[in-house]
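Trainee: I have a new model open and would like to learn how to read it. Could you walk me through it?

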Amino acid sequence: MASEPKCGGVSDDPELNKEEHAERIGAALATTDGHAGKAYKLHRVTKQVVSGVQYVYFISFENEESGQQYKITVWERPWLKEKDPAEARKITFEVHNG
């Protein structure tokens, strides 16, 4: 039985097929040059409560022979949606060498 994550602690999300994950990854890929709409494989998801929620996704693209993995970080602070929409969701996309 999985234990509840501690406040501020990082926890793995074993449910990789959640629609919310696909939506966040799609939004992140749309911000990149040349990756929007590409088929990908999700390897791992972590979640951390940090003045909002930070999700970290580890993916690779299905048609890349190199198997290179990428790291997508999505930091959501929903209470800022009305006041400052650009700050409500921060996304980074980078090559993962781990």
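**A hairpin, a sheet and a helix**

Mentor: Let's start with a turn: in the hairpin of β2 and β3, with 3 residues between the strands, Ser-51 takes a positive phi near 45 degrees. Keep in mind that this is a predicted model, where local features need pLDDT of at least 70, side-chain atom pairs count only at pLDDT 80 or more, and totals for chains, interfaces and linings use all residues. Residues are numbered from 1 along each chain as its sequence is written, and side-chain values use heavy atoms, with hydrogens and water left out.

Trainee: Is Ser-51 buried or exposed?

Mentor: Ser-51 is exposed, at a relative accessible area of 52%. Buried means under 20% relative accessible area, exposed over 50%, and partly exposed in between (1.4 Å probe, protein chains only).

Trainee: In what order do the strands sit in the sheet?

Mentor: Two strands pair if DSSP finds at least two bridges between them. Here 5 strands make an open sheet in the order β1-β2-β3-β4-β5, with antiparallel pairing. β1 (10-12) and β5 (89-96) are the edge strands, each pairing on one side only.

Trainee: How many bridges join the strands β2 and β3?

Mentor: β2 and β3 pair over 9 bridges, and Tyr-40 has Phe-61 in β3 as its bridge partner. Between β3 (residues 53-61) and β4 (residues 69-76) there are 8 bridges, with Tyr-57 partnered by Ile-72 in β4. β1 and β2 pair over 3 bridges, and Ser-11 stands opposite Lys-47 in β2.

Trainee: Where does helix α1 lie?

Mentor: Helix α1 (residues 19-30) lies across β2 (40-49), β3, β4 and β5, at about 75 degrees to β3. Axes are lines fitted to C-alpha atoms, for helices over the stretch in contact, and angles run from 0 to 180 degrees between N-to-C directions.

Trainee: Which residues of α1 are buried?

Mentor: First the general idea: an α-helix has 3.6 residues a turn, so residues three or four places apart point the same way. In α1, the buried ones are His-21, Arg-24, Ile-25, Ala-28 and Leu-29. They cover an arc of only 130 degrees around the axis, which puts them on the same side of α1. That arc is taken from the directions from the helix axis to the C-beta atoms. Glu-19 and Ala-30, on the other side of α1, are exposed. The buried residues of α1 pack against β2, β3, β4 and β5, where contact means heavy atoms within 4.5 Å.

Trainee: Which residues make up the largest nonpolar core?

Mentor: In soluble globular proteins, nonpolar side chains tend to be buried together. A nonpolar core is a set of buried Ala, Val, Leu, Ile, Met, Phe, Trp, Tyr and Cys residues joined through side-chain atoms within 4.5 Å. The largest one here has 12 residues: Ile-25, Ala-28, Leu-29, Leu-42, Val-45, Tyr-55, Tyr-57, Ile-59, Phe-61, Tyr-70, Ile-72 and Val-74. The elements giving two or more residues to this core are α1, β2, β3 and β4, and the largest share, 4 residues, comes from β3.
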